[in-house]
Amino acid sequence: SSSSSSSSSDQPWMLLVSGLGGGSEDSYVQSMCVEAAKRNWRVAVLNMRGCGNSPVISPRFFSAMRGSLEDVRETVRYMREELAGPRAPIAALGWSNGATIVNNYAAQQGAFDAKERVDLAATMCCPFDMPMADRGFRKPFSRMVYDRALTRKLVSKIKENIEVFEELPVVSLEGKRVELDLERLLGARTIREIDAELTCKTFDYPTVDAYYADSSCNQRLKDVEIPLLMVSAIDDPLIPDSCIPYEEARRNDNLMLVTTRHGGHLGWVDEAASARGDGRRWCSDWIERTVLNHLDAALHLA
């Protein structure tokens with residue numbers, strides 16, 4: 001979905017990629033859309049397969065790496081050819097799992113066609129080292145709160161599209177015929193179980209650990225050649241501080257790493273927001289202002 005079907009030839013565009021199972025309906029995505037539009041950005045949101053009420057027409061969802069990067073490539077190409085002018089810069093923004101996708105994309109886009117490349121990017125609460133983040137995800141609090149909620153959300157999306165999985169042959173990204181245990185998939189109680197039964201099989205990974213290792217973007221940050229802002233919170237319950245790529249950021253001048261003492265997982269607020277006088281004491285636009293200030297400055301310096 002996009003904020004407009006056309007724009008001036010040099011008006012900047014923004015492509016948003018939400019967190020796991022989310023999409024254009026998420027409040028943080030909509031908030032970024034509103035604040036970006038105020039600053040004369042055009043905005044498009046990429047709803048991954050099955051997310052944001054998008055239909056699933058083949059028995060495959062998405063991953064943090066394979067398949068998803070191809071979907072971003074197609075989207076950026078479409079934006080270049082149909083929406084943005086030839087001189088219009090395009091920024092990619094991602095949250096959580098979407099942050100992994102955007103970081104991996106930024107690192108690998110040098111091998112893509114010019115029409116498929118973005119000019120700058122920003123990511124929030126990225127699980128840079130997915131095996132390490134997975135271990136944090138399995139701690140009692142994260143397992144009981146986040147893992148359970150996200151698993152239910154994904155299982156519900158699978159149920160909504162179960163006919164596709166029942167009626168069509170399941171073929172992996174590499175073209176291999178695979179068999180899914182739908183009963184096990186619908187009964188999944190953790191994200192890891194969904195990844196084992198669905199993600200690994202349809203994206204040709206031998207194990208969940210192999211999938212997480214391949215998708216980790218920290219190993220590719222050295223290859224980023226565009227301005228990339230990465231914002232993380234030290235107290236994020238899902239992503240340990242040890243995941244944050246301090247050394248990688250020091251070694252690559254294209255990277256700007258921002259860490260905050262508080263913020264949890266996509267939960268940045270500032271009490272100063274109450275000064276607006278609209279009665280929403282904890283309704284904060286801190287992350288939107290921070291990201292947009294950075295992107296605007298990067299465009300000005302380009």
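The model is predicted, so local features need pLDDT of at least 70 and side-chain atom pairs count only at pLDDT 80 or more, while totals for chains, interfaces and linings use all residues. Residues are numbered from 1 along each chain as its sequence is written, and side-chain values use heavy atoms, with hydrogens and water left out.

**Patches on the surface**

- Patches are built from residues with over 30% relative accessible area and no salt bridge, joining like charges within 9 Å and nonpolar side chains (Val, Leu, Ile, Met, Phe, Trp, Tyr) within 5 Å.
- A salt bridge here is a side-chain nitrogen of Lys or Arg within 4 Å of a carboxyl oxygen of Asp or Glu.
- Arg143, Arg148, Arg152 and Arg189 make up a positive patch; Lys and Arg count as positive, Asp and Glu as negative, and His and the chain ends are not counted. The place of an Arg charge is taken as CZ.
- Phe141, Met144 and Val145 form a nonpolar patch with about 290 Å² of accessible area together, using the Shrake-Rupley method with a 1.4 Å probe and only the protein chains shown as cover.

- Arg152 sits in helix 5, residues 140-160; helices (H or I, at least four residues) and strands (E, at least two) are DSSP runs, numbered from the N terminus.
- Arg152 is exposed, at 58% relative accessible area; exposed means over 50%, buried under 20%, and partly exposed in between.
- Met144 is found in helix 5 too, and at 43% relative accessibility Met144 is partly exposed.

**A buried residue**

- Glu197 belongs to helix 8, residues 191-202.
- Glu197 counts as buried because its relative accessibility is 4%.
- Beyond its neighbours within four places in sequence, Glu197 is in contact (heavy atoms within 4.5 Å) with Glu179, Leu180, Asp181, Arg184 and Leu185.

- Ser9 lies in the segment before strand 1 (13-17) and is partly exposed, with a relative accessible area of 28%.
- Not counting residues up to four places away in sequence, Ser9 touches Gly85, Pro86, Arg87 and Ala88.
- Ser9 and Pro89 are 80 residues apart in sequence, and their C-alpha atoms are 9.7 Å apart in space.
- Arg261 is in the loop between strand 6 (255-260) and helix 11 (286-301), and Arg261 is exposed at 68% relative accessibility.
- Arg261 touches Ile234 and Asp235, leaving out residues up to four places away in sequence.

Conventions
Buried < 20%, exposed > 50% of the residue type's maximum accessible area, 1.4 Å probe, protein only.
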